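Hi,

Here is the structure I promised to pass on. Have a look at it first, then read my notes below.

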Amino acid sequence: MAALMYGLGLSCSAASHLLGALGAEISKMSVWRDAQEAGEALRRSRPAGRVRVMGADETVYKVKGREVVVGFVVDGASGRTLGFEVLFEGDGHSFRKWLEPYVKGFGVEVLVSDDNDSYGVAAAELGLEHQVCLAHVRKYVAKRSKAILEQAEREDREADHHERPAELEEDLLRVGQLVEDLGEAGEAELGRMHRRYLWAQPPKARERASAAYRMRMLTLELWNKWGKLLLHRRRPGLEMDGTNNASERAIGKSKVRYKTMRGYKSEEGMSNAIALTQWLYGAEDEHNLAKEMVAAAAA
């Protein structure tokens with residue numbers, strides 16, 4: 001009970017007082033110890049079964065005032081948390097090392113993630129198909145399009161450049177519509193649009209890229225990623241929705257507890273709290289917590 005109260009967000013002191021009022025005297029140190037033992041027991045157990053679609057995402061926690069990046073891995077279909085790891089590097093090779101045990105252990109076919117390039121590298125090296133989260137891409141395109149148009153308008157006021165803001169605005173609106181519609185023909189249209197901006201030259205040293213060049217690179221990026229945006233439609237049997245919401249929900253489970261704190265005192269304590277809250281807020285209870293705690297105590 002003490003561990004559950006801790007997982008639900010009560011401080012060790014508050015849990016101690018509440019249990020005392022209910023007739024179960026327990027010190028706040030005992031509350032903390034029970035929560036740590038529960039977390040350790042849960043961390044020893046790994047889920048089993050086949051996972052065809054795997055979601056992955058990262059978040060940041062504070063440990064003794066410093067930021068620690070933690071990567072979460074989930075079943076993209078059920079939302080079940082498969083595991084989490086402290087990440088020390090953010091490059092593609094490091095992401096591959098992080099994700100590879102899950103890919104091999106669960107027979108994963110598809111990785112769902114945000115548009116961080118490191119996930120693309122890891123997916124390619126692991127031989128996975130890759131679905132890029134549509135929600136992230138749509139927000140990115142909207143923000144990038146706004147910035148490009150504002151820059152084009154400034155450039156047009158300052159000098160008579162090649163850029164034609166009216167045409168650029170029309171193209172940016174069309175890019176946004178393509179990303180919303182996700183039609184098969186969108187890939188070819190993005191290719192044609194990209195070729196119309198090939199005249200825009202890359203910036204020289206210490207120069208800022210022009211709005212037209214930024215448009216050239218935006219269309220190239222989306223053109224190259226189009227297959228990763230449409231994978232959920234091309235493989236309907238996997239029942240993907242095209243987003244990485246499952247990973248974000250998993251992270252949210254552990255943020256409930258974290259938001260009541262000023263940070264963790266150790267990575268071990270952080271990992272135990274994450275394991276406990278993932279179990280507590282999980283949709284499926286795969287663990288007999290009491291049994292696992294007894295087993296851990298006997299070990």
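Glu239 sits in the loop between H9 and helix H10 (245-258); helices (H or I, at least four residues) and strands (E, at least two) are DSSP runs, numbered from the N terminus. Before going on, please note that this is a predicted model: local features need pLDDT of at least 70 and side-chain atom pairs count only at pLDDT 80 or more, while totals for chains, interfaces and linings use all residues. Residues are numbered from 1 along each chain as its sequence is written, and side-chain values use heavy atoms, with hydrogens and water left out.

Back to Glu239: its phi is near 55°, a positive value in a residue other than glycine. Most residues other than glycine have a negative phi. Glu239 is also exposed, with a relative accessible area of 71%. (Buried means under 20% relative accessible area, exposed over 50%, and partly exposed in between, using a 1.4 Å probe and protein chains only.)

Lys64 is another non-glycine residue with a positive phi, about 55°. You'll find Lys64 in the loop between E1 and E2, and at 69% relative accessibility it counts as exposed.

**The strands**

Start with E1 and E2, which pair in the antiparallel sense over 10 bridges. Two strands count as a pair if DSSP finds at least two bridges between them. To see the pairing, look for Asp57, which stands opposite Phe72 in E2. The hairpin of E1 and E2 has two residues between the strands, and this is where Lys64 takes its positive phi.

How much of strand E2 is buried? Seven of the 10 residues of E2 (residues 66-75) are, so this strand is largely enclosed by the rest of the structure.

Next, E2 is joined to strand E3 (residues 81-87) by six bridges, and the two run antiparallel. Val74 has Thr81 as its bridge partner in E3. In the hairpin of E2 and E3, with five residues between the strands, Gly79 takes a positive phi near 85°. As for Thr81, it counts as buried at 19% relative accessibility. Thr81 and Val256 are 175 residues apart in sequence, and their C-alpha atoms are 16 Å apart in space.

On to strand E4 (residues 110-113), where Val110 and Val112 point one way, Leu111 and Ser113 point the other way, and all are buried.

E4 has two partners to look for. Strand E1 (residues 53-63) runs parallel to E4, with three bridges between them, and Gly55 stands opposite Val112. Strand E5 (residues 129-132) also runs parallel to E4, joined by four bridges, and Ser113 has Val132 as its bridge partner there. To get from E4 to E5 the chain passes through helix H5 (residues 117-125), and this β-α-β crossover is right-handed. (That means that, with the strands pointing away from the viewer, the path from the first strand over the helix to the second runs clockwise.)

The largest nonpolar core has 27 residues, and Leu168, Met215, Leu222, Trp226 and Leu229 touch the most other members. A nonpolar core is a set of buried Ala, Val, Leu, Ile, Met, Phe, Trp, Tyr and Cys residues joined through side-chain atoms within 4.5 Å. The elements giving two or more residues to this core are H6, helix H7 (165-181), helix H8 (186-196) and H9. Which element gives the largest share? That is H9, with nine residues.

**One cavity**

A search of the whole structure finds one cavity of 30 Å³ or more. Here, a cavity is a set of points on a 1 Å grid over the protein atoms alone where a 1.4 Å probe fits but cannot get out, and lining residues have an atom within 4 Å of a point. The largest cavity has a volume of about 40 Å³, the volume being the space filled by probe spheres set on the points.

Its lining is made up of Asp115, Val137, Tyr140, Glu221, Leu222, Lys225 and Leu229. H9 gives the most to this lining, with four residues.

Enjoy exploring!

Terms used:
On a 1 Å grid over the protein atoms alone, a cavity is a set of points where a 1.4 Å probe fits but cannot get out, and a pocket is an open set with protein on both sides within 12 Å along at least five of seven lines; lining residues have an atom within 4 Å of a point.
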